[in-house]
Amino acid sequence: LAQQAMVEADWSQAAFWLVGGSMGEAIDSTGISMRSLQGDKAVVDIMERMAAKLEAKQTTIKASHGVTKKTVIDATNCPDIIPILTVLAATSEGTTEIINAGRLRIKECDRLKAISTELNKLGAEIEELPEGLVIKGHPEGLQGGALCDAWNDHRIAMSIAVAASVCKEAVVLEGADSVQKSYPTFWQDFVAVGGRIEAIG
């Protein structure tokens, strides 16, 4: 007997667009449930603590540009959204702390080292700790103009792409195809919301 079912959208992927919309032009993320039990839905609570402009209506949430502020982010139950929240913290007012994040060191790569290394290349100020990060925000944006590495990690690649949108100079990303692991159409969607990309080499 054939049946139809709705497959719930992924909050860990929506997080990239929520952060992107908060730092630039407004972005609507559709098809996501505010009643979801996914751990990464914590991105909403965290971003609201940071004073992000989020507006939820039924299965759509809009993120609009605004000044965001420091907070403390506990990574215990939402490790996958930490790289992109690090991008938001790097462009927020004040100093944000990420705690209880040691498990990020045993993901596809050492994500604490990867995101701090690559964002610092772009002009961020991030101190790496054994179990977390301390991020001094630059609300004016980042400089860019650097060659970054995705560390063969889809979440690092997508986070650097969002960071590049608030850089004064272009960013070159090696390993951009790593997004295939979880989000094969990421670069098409990135262009659809106003991102500019160019294949080189």
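Two strands pair if DSSP finds at least two bridges between them, strands being DSSP runs (E, at least two residues) and helices likewise (H or I, at least four residues), numbered from the N terminus. This is a predicted model, in which local features need pLDDT of at least 70, side-chain atom pairs count only at pLDDT 80 or more, and totals for chains, interfaces and linings use all residues. Residues are numbered from 1 along each chain as its sequence is written, and side-chain values use heavy atoms, with hydrogens and water left out.

**Exercise 1.** Determine the order of the strands in the open sheet, and identify its edge strands.

*Solution.* The sheet has four strands, ordered S4-S5-S7-S6, with mixed pairing. Strand S4 (72-74) and S6 each pair on one side only, which makes them the edge strands. From one strand to the next, the twist averages 15°. S4 and strand S5 (residues 95-99) run parallel and are joined by three bridges; isoleucine 73 has isoleucine 98 of S5 as its bridge partner.

**Exercise 2.** Describe what is found at the start of H4 and just after H4.

*Solution.* At the start of H4, a side-chain oxygen of aspartate 110 comes to within 3.3 Å of the backbone nitrogen of leucine 112. Just after the helix, glycine 123 adopts a positive phi of about 110°.

Note on methods. Polar contact = N/O pair within 3.5 Å; in protein donor to acceptor, adjacent residues only side chain to side chain. Axes fitted to C-alpha atoms, helices over the stretch in contact; angles between N-to-C directions.
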